[in-house]
Protein chains: 2
Amino acid sequence: MIDRTGLMVILSSPSGAGKSTLARRLMEWDAGLRFSVSATTRAPRPGEVDGVDYHFTSRAGFEQMVADGQMLEHAEVFGNLYGSPRGPVEQAMLAGRDTLFDVDWQGGQQIRASALGRHVVSIFVLPPSLPELERRLRGRGQDSDAVIAGRMEKSRSEISHWAEYDYVLVNDDLDETEARMRAILTAERLRRDRQSGLGGFVRALMAEEA
Amino acid sequence: MIDRTGLMVILSSPSGAGKSTLARRLMEWDAGLRFSVSATTRAPRPGEVDGVDYHFTSRAGFEQMVADGQMLEHAEVFGNLYGSPRGPVEQAMLAGRDTLFDVDWQGGQQIRASALGRHVVSIFVLPPSLPELERRLRGRGQDSDAVIAGRMEKSRSEISHWAEYDYVLVNDDLDETEARMRAILTAERLRRDRQSGLGGFVRALMAEEA
(Lines give C-alpha, C1' and ligand atoms only; values in the text may rest on other atoms or scores of the structure.)
Protein backbone atom coordinates (compact mmCIF):
# COMPACT_ATOMS: atom_id res chain seq x y z
CA MET A 1 0.00 0.00 0.00
CA ILE A 2 1.34 3.41 -0.95
CA ASP A 3 1.50 6.08 1.77
CA ARG A 4 -1.20 8.69 1.71
CA THR A 5 -2.62 11.43 3.88
CA GLY A 6 -5.98 10.58 5.44
CA LEU A 7 -9.08 12.26 4.04
CA MET A 8 -11.72 14.34 5.79
CA VAL A 9 -14.98 12.88 4.50
CA ILE A 10 -17.90 15.25 5.03
CA LEU A 11 -21.33 13.68 4.91
CA SER A 12 -24.32 16.02 4.92
CA SER A 13 -28.00 15.53 4.23
CA PRO A 14 -31.37 16.63 5.53
CA SER A 15 -32.56 14.76 8.61
CA GLY A 16 -34.31 11.54 7.60
CA ALA A 17 -32.39 10.98 4.34
CA GLY A 18 -30.41 8.08 5.82
CA LYS A 19 -27.20 9.81 6.82
CA SER A 20 -26.71 8.15 10.24
CA THR A 21 -27.37 4.67 8.85
CA LEU A 22 -24.97 5.28 5.96
CA ALA A 23 -22.28 6.60 8.31
CA ARG A 24 -22.63 3.54 10.55
CA ARG A 25 -22.45 1.17 7.57
CA LEU A 26 -19.32 2.88 6.22
CA MET A 27 -17.63 2.49 9.60
CA GLU A 28 -18.53 -1.21 9.61
CA TRP A 29 -17.15 -1.60 6.09
CA ASP A 30 -13.83 0.05 6.88
CA ALA A 31 -12.52 -0.40 10.41
CA GLY A 32 -9.81 2.16 9.60
CA LEU A 33 -12.36 4.93 9.06
CA ARG A 34 -12.64 7.13 12.14
CA PHE A 35 -15.78 8.98 13.13
CA SER A 36 -15.27 12.57 14.28
CA VAL A 37 -16.90 12.77 17.71
CA SER A 38 -18.20 16.30 18.29
CA ALA A 39 -17.52 18.36 21.36
CA THR A 40 -20.55 20.02 22.95
CA THR A 41 -21.45 22.20 25.92
CA ARG A 42 -24.89 20.67 26.31
CA ALA A 43 -25.50 18.26 29.20
CA PRO A 44 -25.32 14.53 28.53
CA ARG A 45 -28.68 12.78 28.07
CA PRO A 46 -29.34 9.48 29.82
CA GLY A 47 -27.28 6.74 28.19
CA GLU A 48 -24.90 9.09 26.34
CA VAL A 49 -21.25 8.23 26.89
CA ASP A 50 -18.55 10.90 27.06
CA GLY A 51 -16.01 10.40 24.26
CA VAL A 52 -18.36 8.13 22.30
CA ASP A 53 -21.52 10.14 21.64
CA TYR A 54 -19.91 13.51 22.36
CA HIS A 55 -16.99 15.06 24.14
CA PHE A 56 -18.91 16.86 26.89
CA THR A 57 -17.15 20.11 27.67
CA SER A 58 -17.65 23.23 29.75
CA ARG A 59 -18.42 26.45 27.89
CA ALA A 60 -15.13 27.96 29.08
CA GLY A 61 -13.22 24.89 27.88
CA PHE A 62 -14.99 24.94 24.50
CA GLU A 63 -14.36 28.65 24.00
CA GLN A 64 -10.70 28.19 24.87
CA MET A 65 -10.41 25.49 22.19
CA VAL A 66 -12.00 27.82 19.62
CA ALA A 67 -9.62 30.61 20.66
CA ASP A 68 -6.68 28.20 20.30
CA GLY A 69 -7.77 27.21 16.77
CA GLN A 70 -8.51 23.69 18.01
CA MET A 71 -11.99 23.47 16.43
CA LEU A 72 -12.22 22.66 12.74
CA GLU A 73 -15.76 24.00 12.79
CA HIS A 74 -18.27 25.02 15.43
CA ALA A 75 -21.73 26.50 15.79
CA GLU A 76 -24.22 27.48 18.49
CA VAL A 77 -27.57 25.68 18.31
CA PHE A 78 -30.36 26.47 20.79
CA GLY A 79 -27.86 27.98 23.21
CA ASN A 80 -25.39 25.06 23.12
CA LEU A 81 -22.04 24.99 21.38
CA TYR A 82 -21.08 22.09 19.09
CA GLY A 83 -17.80 21.61 17.27
CA SER A 84 -15.30 19.21 15.68
CA PRO A 85 -11.98 19.01 17.57
CA ARG A 86 -9.00 19.32 15.29
CA GLY A 87 -6.31 17.27 17.06
CA PRO A 88 -7.63 13.71 16.59
CA VAL A 89 -8.38 14.47 12.92
CA GLU A 90 -4.84 15.63 12.21
CA GLN A 91 -3.39 12.59 13.99
CA ALA A 92 -5.57 10.28 11.89
CA MET A 93 -4.66 12.10 8.65
CA LEU A 94 -0.93 11.79 9.32
CA ALA A 95 -1.40 8.07 10.00
CA GLY A 96 -3.19 7.70 6.63
CA ARG A 97 -6.59 7.17 8.24
CA ASP A 98 -9.73 8.89 7.00
CA THR A 99 -12.16 10.72 9.27
CA LEU A 100 -15.91 10.85 8.71
CA PHE A 101 -17.80 14.00 9.68
CA ASP A 102 -21.54 14.06 10.15
CA VAL A 103 -22.05 17.82 9.86
CA ASP A 104 -24.53 20.23 8.28
CA TRP A 105 -23.75 22.64 5.44
CA GLN A 106 -22.34 25.22 7.85
CA GLY A 107 -19.91 22.73 9.35
CA GLY A 108 -19.03 21.59 5.83
CA GLN A 109 -18.26 25.14 4.73
CA GLN A 110 -16.00 25.79 7.73
CA ILE A 111 -14.02 22.56 7.31
CA ARG A 112 -13.66 23.15 3.57
CA ALA A 113 -12.39 26.69 4.25
CA SER A 114 -9.84 25.49 6.82
CA ALA A 115 -6.13 25.08 6.11
CA LEU A 116 -6.76 21.34 5.65
CA GLY A 117 -9.54 21.97 3.10
CA ARG A 118 -7.75 20.28 0.21
CA HIS A 119 -8.06 16.96 2.04
CA VAL A 120 -11.86 17.21 2.11
CA VAL A 121 -14.15 14.89 0.18
CA SER A 122 -17.72 16.07 0.59
CA ILE A 123 -20.83 14.02 -0.08
CA PHE A 124 -24.42 15.24 -0.02
CA VAL A 125 -27.24 12.71 0.28
CA LEU A 126 -30.60 13.77 -1.14
CA PRO A 127 -33.91 12.08 -0.33
CA PRO A 128 -35.76 10.71 -3.38
CA SER A 129 -38.68 13.05 -2.60
CA LEU A 130 -39.86 15.43 0.12
CA PRO A 131 -43.09 13.52 0.89
CA GLU A 132 -40.87 10.44 1.34
CA LEU A 133 -38.62 12.42 3.67
CA GLU A 134 -41.63 13.57 5.73
CA ARG A 135 -42.90 9.99 5.85
CA ARG A 136 -39.53 8.86 7.26
CA LEU A 137 -39.53 11.64 9.86
CA ARG A 138 -43.09 10.77 10.91
CA GLY A 139 -42.19 7.08 10.94
CA ARG A 140 -40.00 7.69 13.96
CA GLY A 141 -43.35 8.38 15.70
CA GLN A 142 -41.92 10.59 18.40
CA ASP A 143 -42.53 14.12 17.20
CA SER A 144 -45.46 16.54 17.04
CA ASP A 145 -46.68 18.10 13.78
CA ALA A 146 -45.03 21.37 14.70
CA VAL A 147 -41.67 19.65 15.25
CA ILE A 148 -42.02 17.77 11.94
CA ALA A 149 -42.85 21.04 10.14
CA GLY A 150 -39.74 22.63 11.68
CA ARG A 151 -37.60 19.69 10.60
CA MET A 152 -38.95 19.87 7.04
CA GLU A 153 -38.16 23.59 6.90
CA LYS A 154 -34.62 22.86 8.09
CA SER A 155 -34.36 20.07 5.51
CA ARG A 156 -35.23 22.46 2.68
CA SER A 157 -32.60 24.87 3.92
CA GLU A 158 -30.03 22.04 4.08
CA ILE A 159 -30.93 20.79 0.58
CA SER A 160 -30.45 24.29 -0.82
CA HIS A 161 -26.69 23.81 -0.27
CA TRP A 162 -26.31 20.65 -2.38
CA ALA A 163 -24.19 22.47 -4.98
CA GLU A 164 -21.33 23.01 -2.50
CA TYR A 165 -20.51 19.29 -2.35
CA ASP A 166 -18.13 17.19 -4.45
CA TYR A 167 -20.57 14.29 -4.78
CA VAL A 168 -24.36 14.22 -4.74
CA LEU A 169 -26.28 10.97 -4.24
CA VAL A 170 -30.02 10.35 -4.29
CA ASN A 171 -30.75 7.79 -1.59
CA ASP A 172 -33.63 5.80 -3.04
CA ASP A 173 -32.03 2.51 -1.96
CA LEU A 174 -29.80 2.22 1.11
CA ASP A 175 -27.70 -0.71 -0.18
CA GLU A 176 -27.09 1.04 -3.49
CA THR A 177 -26.24 4.33 -1.78
CA GLU A 178 -23.86 2.53 0.58
CA ALA A 179 -22.14 0.84 -2.39
CA ARG A 180 -21.79 4.22 -4.08
CA MET A 181 -20.24 5.77 -1.00
CA ARG A 182 -17.76 2.89 -0.78
CA ALA A 183 -16.85 3.51 -4.42
CA ILE A 184 -16.30 7.20 -3.71
CA LEU A 185 -13.96 6.46 -0.80
CA THR A 186 -12.11 3.78 -2.79
CA ALA A 187 -11.67 6.12 -5.76
CA GLU A 188 -10.64 9.19 -3.77
CA ARG A 189 -7.90 7.17 -2.07
CA LEU A 190 -6.54 6.31 -5.53
CA ARG A 191 -6.30 9.90 -6.77
CA ARG A 192 -2.72 10.66 -7.65
CA ASP A 193 -2.63 13.82 -5.58
CA ARG A 194 -3.85 11.95 -2.49
CA GLN A 195 -1.14 9.25 -2.61
CA SER A 196 1.75 11.08 -1.03
CA GLY A 197 4.03 8.05 -1.35
CA LEU A 198 3.57 7.65 -5.11
CA GLY A 199 6.60 9.70 -6.16
CA GLY A 200 8.86 7.57 -3.99
CA PHE A 201 7.29 4.38 -5.30
CA VAL A 202 7.88 5.36 -8.93
CA ARG A 203 11.46 6.47 -8.21
CA ALA A 204 12.18 3.07 -6.64
CA LEU A 205 10.44 1.35 -9.56
CA MET A 206 12.53 3.17 -12.14
CA ALA A 207 15.76 2.51 -10.24
CA GLU A 208 15.23 -1.27 -10.46
CA GLU A 209 17.38 -3.33 -12.74
CA ALA A 210 14.92 -4.63 -15.32
CA MET B 1 -31.05 8.08 -12.98
CA ILE B 2 -30.05 11.72 -13.27
CA ASP B 3 -28.90 12.99 -16.66
CA ARG B 4 -25.19 13.38 -17.13
CA THR B 5 -22.66 13.97 -19.86
CA GLY B 6 -20.61 10.90 -20.75
CA LEU B 7 -16.99 10.78 -19.64
CA MET B 8 -13.82 10.27 -21.64
CA VAL B 9 -11.91 7.66 -19.66
CA ILE B 10 -8.24 7.58 -20.58
CA LEU B 11 -6.37 4.45 -19.66
CA SER B 12 -2.60 4.47 -20.06
CA SER B 13 0.15 2.14 -18.91
CA PRO B 14 3.37 0.61 -20.13
CA SER B 15 2.92 -2.42 -22.35
CA GLY B 16 2.54 -5.55 -20.23
CA ALA B 17 1.01 -3.88 -17.17
CA GLY B 18 -2.41 -5.35 -17.88
CA LYS B 19 -4.10 -2.48 -19.70
CA SER B 20 -5.82 -4.48 -22.46
CA THR B 21 -7.17 -7.06 -20.03
CA LEU B 22 -8.45 -4.34 -17.74
CA ALA B 23 -10.09 -2.49 -20.63
CA ARG B 24 -11.83 -5.69 -21.78
CA ARG B 25 -13.05 -6.46 -18.26
CA LEU B 26 -14.42 -2.95 -17.80
CA MET B 27 -16.37 -3.26 -21.06
CA GLU B 28 -17.80 -6.58 -19.86
CA TRP B 29 -18.77 -5.00 -16.54
CA ASP B 30 -20.57 -2.06 -18.13
CA ALA B 31 -22.25 -2.70 -21.46
CA GLY B 32 -22.87 1.07 -21.75
CA LEU B 33 -19.15 1.80 -21.83
CA ARG B 34 -17.94 2.38 -25.38
CA PHE B 35 -14.42 1.63 -26.57
CA SER B 36 -12.87 4.29 -28.78
CA VAL B 37 -11.81 2.46 -31.94
CA SER B 38 -8.75 4.18 -33.42
CA ALA B 39 -8.40 5.19 -37.03
CA THR B 40 -5.17 4.17 -38.74
CA THR B 41 -3.48 4.40 -42.11
CA ARG B 42 -1.64 1.12 -41.64
CA ALA B 43 -2.83 -1.92 -43.60
CA PRO B 44 -5.11 -4.43 -41.85
CA ARG B 45 -3.38 -7.57 -40.56
CA PRO B 46 -4.94 -10.97 -41.12
CA GLY B 47 -8.03 -11.32 -38.95
CA GLU B 48 -8.40 -7.63 -38.16
CA VAL B 49 -11.90 -6.29 -38.79
CA ASP B 50 -12.53 -2.76 -40.04
CA GLY B 51 -14.56 -0.79 -37.50
CA VAL B 52 -13.82 -3.28 -34.73
CA ASP B 53 -10.03 -3.41 -34.41
CA TYR B 54 -9.42 -0.17 -36.25
CA HIS B 55 -11.05 2.17 -38.71
CA PHE B 56 -8.73 1.58 -41.67
CA THR B 57 -8.32 4.82 -43.56
CA SER B 58 -6.30 6.24 -46.42
CA ARG B 59 -3.64 8.78 -45.57
CA ALA B 60 -5.51 11.48 -47.46
CA GLY B 61 -8.73 10.68 -45.59
CA PHE B 62 -6.92 10.68 -42.26
CA GLU B 63 -5.20 13.98 -42.95
CA GLN B 64 -8.52 15.52 -44.01
CA MET B 65 -10.05 14.48 -40.68
CA VAL B 66 -7.16 16.06 -38.81
CA ALA B 67 -7.54 19.26 -40.86
CA ASP B 68 -11.28 19.27 -40.09
CA GLY B 69 -10.62 18.95 -36.35
CA GLN B 70 -12.20 15.49 -36.38
CA MET B 71 -9.39 13.77 -34.47
CA LEU B 72 -9.28 14.14 -30.69
CA GLU B 73 -5.65 13.05 -30.79
CA HIS B 74 -3.31 11.55 -33.34
CA ALA B 75 0.31 10.54 -33.79
CA GLU B 76 2.60 9.00 -36.39
CA VAL B 77 4.26 5.73 -35.34
CA PHE B 78 6.73 3.94 -37.65
CA GLY B 79 5.34 5.83 -40.64
CA ASN B 80 1.67 5.09 -39.92
CA LEU B 81 -0.91 7.53 -38.58
CA TYR B 82 -3.12 6.59 -35.64
CA GLY B 83 -5.87 8.71 -34.11
CA SER B 84 -9.11 8.85 -32.12
CA PRO B 85 -12.10 10.06 -34.19
CA ARG B 86 -14.08 12.74 -32.42
CA GLY B 87 -17.64 12.24 -33.76
CA PRO B 88 -18.59 8.94 -32.09
CA VAL B 89 -17.17 10.16 -28.77
CA GLU B 90 -19.29 13.32 -28.82
CA GLN B 91 -22.40 11.34 -29.72
CA ALA B 92 -21.78 8.96 -26.81
CA MET B 93 -21.12 11.83 -24.40
CA LEU B 94 -24.37 13.58 -25.30
CA ALA B 95 -26.21 10.30 -24.77
CA GLY B 96 -24.67 10.01 -21.29
CA ARG B 97 -22.39 7.14 -22.30
CA ASP B 98 -18.75 6.97 -21.34
CA THR B 99 -15.93 6.25 -23.80
CA LEU B 100 -12.80 4.31 -22.92
CA PHE B 101 -9.52 5.31 -24.61
CA ASP B 102 -6.53 3.01 -24.70
CA VAL B 103 -3.89 5.62 -25.52
CA ASP B 104 -0.34 6.48 -24.50
CA TRP B 105 0.73 9.61 -22.63
CA GLN B 106 0.87 11.64 -25.85
CA GLY B 107 -2.70 10.75 -26.73
CA GLY B 108 -3.75 11.47 -23.15
CA GLN B 109 -2.16 14.91 -23.27
CA GLN B 110 -3.91 15.81 -26.53
CA ILE B 111 -7.34 14.67 -25.36
CA ARG B 112 -6.91 16.46 -22.02
CA ALA B 113 -5.94 19.65 -23.89
CA SER B 114 -8.96 19.46 -26.21
CA ALA B 115 -12.12 21.53 -25.78
CA LEU B 116 -13.73 18.49 -24.14
CA GLY B 117 -10.88 18.11 -21.65
CA ARG B 118 -12.99 18.77 -18.57
CA HIS B 119 -14.86 15.53 -19.28
CA VAL B 120 -11.67 13.48 -19.04
CA VAL B 121 -10.99 10.99 -16.26
CA SER B 122 -7.46 9.66 -16.64
CA ILE B 123 -6.08 6.50 -15.08
CA PHE B 124 -2.49 5.32 -15.16
CA VAL B 125 -1.72 1.67 -14.38
CA LEU B 126 1.75 0.94 -13.01
CA PRO B 127 3.36 -2.52 -12.94
CA PRO B 128 4.35 -3.70 -9.44
CA SER B 129 7.98 -3.87 -10.59
CA LEU B 130 10.06 -3.60 -13.76
CA PRO B 131 11.48 -7.17 -13.58
CA GLU B 132 7.84 -8.33 -13.27
CA LEU B 133 6.95 -6.23 -16.34
CA GLU B 134 9.82 -7.75 -18.32
CA ARG B 135 8.77 -11.21 -17.19
CA ARG B 136 5.26 -10.54 -18.54
CA LEU B 137 6.62 -9.24 -21.85
CA ARG B 138 8.88 -12.30 -22.21
CA GLY B 139 6.01 -14.56 -21.19
CA ARG B 140 4.32 -13.77 -24.48
CA GLY B 141 7.21 -15.71 -25.97
CA GLN B 142 7.09 -14.06 -29.37
CA ASP B 143 9.73 -11.37 -29.24
CA SER B 144 13.53 -11.21 -29.50
CA ASP B 145 15.74 -9.76 -26.76
CA ALA B 146 16.23 -6.59 -28.81
CA VAL B 147 12.47 -6.11 -29.17
CA ILE B 148 11.98 -6.72 -25.43
CA ALA B 149 14.71 -4.19 -24.63
CA GLY B 150 13.01 -1.63 -26.89
CA ARG B 151 9.67 -2.27 -25.21
CA MET B 152 11.21 -1.84 -21.76
CA GLU B 153 12.76 1.46 -22.83
CA LYS B 154 9.36 2.64 -24.10
CA SER B 155 7.79 1.47 -20.83
CA ARG B 156 10.18 3.60 -18.82
CA SER B 157 9.33 6.59 -20.97
CA GLU B 158 5.59 5.91 -20.53
CA ILE B 159 5.94 5.51 -16.73
CA SER B 160 7.73 8.85 -16.52
CA HIS B 161 4.37 10.52 -17.28
CA TRP B 162 2.44 9.01 -14.36
CA ALA B 163 2.05 12.41 -12.66
CA GLU B 164 -0.18 13.72 -15.49
CA TYR B 165 -3.01 11.35 -14.56
CA ASP B 166 -5.96 11.80 -12.16
CA TYR B 167 -5.65 8.30 -10.73
CA VAL B 168 -2.64 6.02 -10.39
CA LEU B 169 -3.04 2.29 -9.68
CA VAL B 170 -0.38 -0.33 -9.06
CA ASN B 171 -1.55 -3.52 -10.76
CA ASP B 172 -0.26 -6.25 -8.47
CA ASP B 173 -3.58 -8.12 -8.65
CA LEU B 174 -5.84 -7.98 -11.70
CA ASP B 175 -9.11 -8.56 -9.81
CA GLU B 176 -8.26 -5.90 -7.26
CA THR B 177 -7.21 -3.43 -9.96
CA GLU B 178 -10.41 -4.11 -11.90
CA ALA B 179 -12.49 -3.49 -8.74
CA ARG B 180 -10.62 -0.22 -8.21
CA MET B 181 -11.28 0.91 -11.77
CA ARG B 182 -14.98 0.14 -11.35
CA ALA B 183 -14.98 2.23 -8.17
CA ILE B 184 -13.33 5.12 -10.02
CA LEU B 185 -15.96 5.03 -12.78
CA THR B 186 -18.82 4.71 -10.28
CA ALA B 187 -17.49 7.63 -8.22
CA GLU B 188 -16.73 9.93 -11.16
CA ARG B 189 -20.30 9.50 -12.43
CA LEU B 190 -21.55 10.70 -9.03
CA ARG B 191 -19.50 13.90 -8.95
CA ARG B 192 -21.84 16.84 -8.70
CA ASP B 193 -20.30 18.65 -11.65
CA ARG B 194 -20.72 15.60 -13.89
CA GLN B 195 -24.45 15.17 -13.23
CA SER B 196 -25.91 17.77 -15.57
CA GLY B 197 -29.48 16.91 -14.57
CA LEU B 198 -28.95 17.48 -10.85
CA GLY B 199 -30.07 21.12 -10.77
CA GLY B 200 -33.37 20.16 -12.41
CA PHE B 201 -33.82 17.23 -10.05
CA VAL B 202 -33.36 19.43 -6.96
CA ARG B 203 -35.68 22.14 -8.36
CA ALA B 204 -38.40 19.52 -8.88
CA LEU B 205 -37.71 18.09 -5.42
CA MET B 206 -38.06 21.47 -3.72
CA ALA B 207 -41.24 22.29 -5.69
CA GLU B 208 -42.99 19.22 -4.27
CA GLU B 209 -45.68 19.64 -1.65
CA ALA B 210 -44.26 17.99 1.43
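In the predicted model, the contact between the two chains involves 41 residues of chain B and 41 residues of chain A. About 3,500 Å² of area is buried between chain B and chain A. Carbon and sulfur atoms give 68% of this buried area.

Charged and polar groups also take part in the interface. Between chain B and chain A, 20 residue pairs are in polar contact, with both residues of each pair at pLDDT 80 or more. The interface contains 2 salt bridges. Arg191(A) and Glu188(B) are joined through their side chains by a salt bridge, with a distance of 3.3 Å from N to O.

Several elements of chain B build the side that touches chain A. At least two residues each come from helix H5 (130-139), helix H6 (145-159), strand S9 (167-170), helix H7 (174-189) and helix H8 (198-207) of chain B. Sorted by class, this side of chain B consists of 26 nonpolar, 5 polar and 10 charged residues.

Within chain A, Gly117(A) was examined separately. Gly117(A) is located in the loop that runs between helix H4 (105-113) and strand S8 (120-126) of chain A. The relative accessible area of Gly117(A) is 15%, so this residue is classed as buried, the cut-off being under 20%. Apart from neighbours within four places in sequence, Gly117(A) is in contact with Ile111(A) and Arg112(A). Ser157(A) is 40 residues apart from Gly117(A) along the chain, and the C-alpha atoms of these two residues are separated by 23 Å.

Note on methods:
Residues numbered from 1 in each chain as written. Chains lettered and ligands numbered in written order. Predicted model: local features only at pLDDT ≥ 70, side-chain atom pairs only at ≥ 80, totals over all residues. Heavy atoms only, no water. Contact = heavy atoms within 4.5 Å. Buried area = accessible area lost by both parts, 1.4 Å probe. Salt bridge = Lys/Arg side-chain N within 4 Å of Asp/Glu carboxyl O. Polar contact = N/O pair within 3.5 Å; in protein donor to acceptor, adjacent residues only side chain to side chain. Helix = DSSP H or I, 4+ residues; strand = E, 2+ residues; numbered from the N terminus. Nonpolar A, V, L, I, M, F, W, Y, C, P; charged D, E, K, R; others polar. Buried < 20%, exposed > 50% of the residue type's maximum accessible area, 1.4 Å probe, protein only.
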